[in-house]
Amino acid sequence: MPAVYGSLGVEAVGRGVVQGEWLGVYCMATAAHARRKGHARRILSALLSHGREQGARHAYLCVVEANTAARSLYERLGFTVSARYHYRVR
């Protein structure tokens with residue numbers, strides 16, 4: 001599985017893994033001082049482009065439900081909620 005990494009210095013990072021026709025996007029993060037400047041959009045766009053070059057036709061990602069800024073970005077880029085999960089805490 002080819003891993004894909006993207007970064008904009010210390011401002012934003014992201015990781016993706018191509019699995020057949022799917023690109024899984026993981027570990028998207030933007031430094032607090034760099035938010036709302038388009039960094040995450042550029043990282044995600046680069047990951048999606050690289051995934052397409054590797055044969056991915058679909059993409060998925062996981063995001064914490066309370067992260068409304070990230071969810072808003074992902075929804076604007078066409079992602080929709082397909083499943084929910086939770087961590088069990090003792």
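**Exercise 1. Which residue in S4 does Val-25 stand opposite?**

Solution. This is a predicted model.
Step 1. Find strand S4, residues 58-61.
Step 2. Look for the residue across from Val-25. Leu-61 in S4 stands opposite Val-25.
Step 3. Now take the two strands as a whole. S3 and S4 run parallel, and 4 bridges join them.

**Exercise 2. Work out how S2 and S3 pair, and what lies between them.**

Solution. 
Step 1. Mark the strands. S2 spans residues 12-19, and S3 spans residues 22-30.
Step 2. Check the direction. S2 and S3 pair in the antiparallel sense, over 7 bridges.
Step 3. Pick one bridge. Val-18 has Leu-23 of S3 as its bridge partner.
Step 4. Look at the link. S2 and S3 form a hairpin, with 2 residues between the strands. In the turn, Gly-20 has a positive phi of about 65 degrees.

**Exercise 3. Name the unit that S3, H1 and S4 make, and give its handedness.**

Solution. 
Step 1. Locate the helix. H1 covers residues 39-53.

**Exercise 4. Is His-39 buried or exposed?**

Solution. 
Step 1. His-39 belongs to helix H1.
Step 2. Read its relative accessible area, which is 15%.
Step 3. Apply the cut-off. Buried means under 20%. His-39 is therefore buried.
Step 4. Find a side-chain partner. A polar contact of 2.8 Å links the side chains of His-39 and Arg-42.

**Exercise 5. Why do the buried residues of H2 line one face of the helix?**

Solution. 
Step 1. List the buried residues. In H2, residues 68-76, they are Ala-70, Leu-73 and Tyr-74.
Step 2. Look down the axis of H2. The buried residues fall within an arc of 95 degrees, so they line one face.
Step 3. Recall the general rule. An α-helix has 3.6 residues a turn, so residues three or four places apart point the same way.
Step 4. Turn to the face pointing away from the buried side. Thr-68 and Arg-76 sit there, and they are exposed.
Step 5. Ask what covers the buried residues of H2. The cover includes S3, H1 and S4.
Step 6. Go past the helix. Gly-78 follows H2 and has a positive phi, near 100 degrees.

**Exercise 6. Where is confidence lowest, and where is it highest?**

Solution. 
Step 1. Start with the whole protein. The average pLDDT is 87, and 90% of the residues score at least 70.
Step 2. Compare elements. Confidence is lowest in strand S1, residues 3-8, at a mean of 57. Confidence is highest in S4, at 95.
Step 3. Draw the lesson. Where pLDDT is low, the predicted coordinates should not be read in detail.

Technical notes: Residues are numbered from 1 along each chain as its sequence is written. This is a predicted model: local features need pLDDT of at least 70, side-chain atom pairs count only at pLDDT 80 or more; totals for chains, interfaces and linings use all residues. Side-chain values use heavy atoms; hydrogens and water are left out. Two strands pair if DSSP finds at least two bridges between them. A crossover is right-handed if, with the strands pointing away from the viewer, the path from the first strand over the helix to the second runs clockwise. pLDDT is the predictor's confidence in each residue, from 0 to 100. Buried means under 20% relative accessible area, exposed over 50%, partly exposed in between (1.4 Å probe, protein chains only). The arc is that of the directions from the helix axis to the C-beta atoms. Contact means heavy atoms within 4.5 Å. A polar contact is a pair of N or O atoms within 3.5 Å; within protein, one must be able to donate a hydrogen and the other to accept it, and residues adjacent in sequence count only if both atoms are side-chain atoms.
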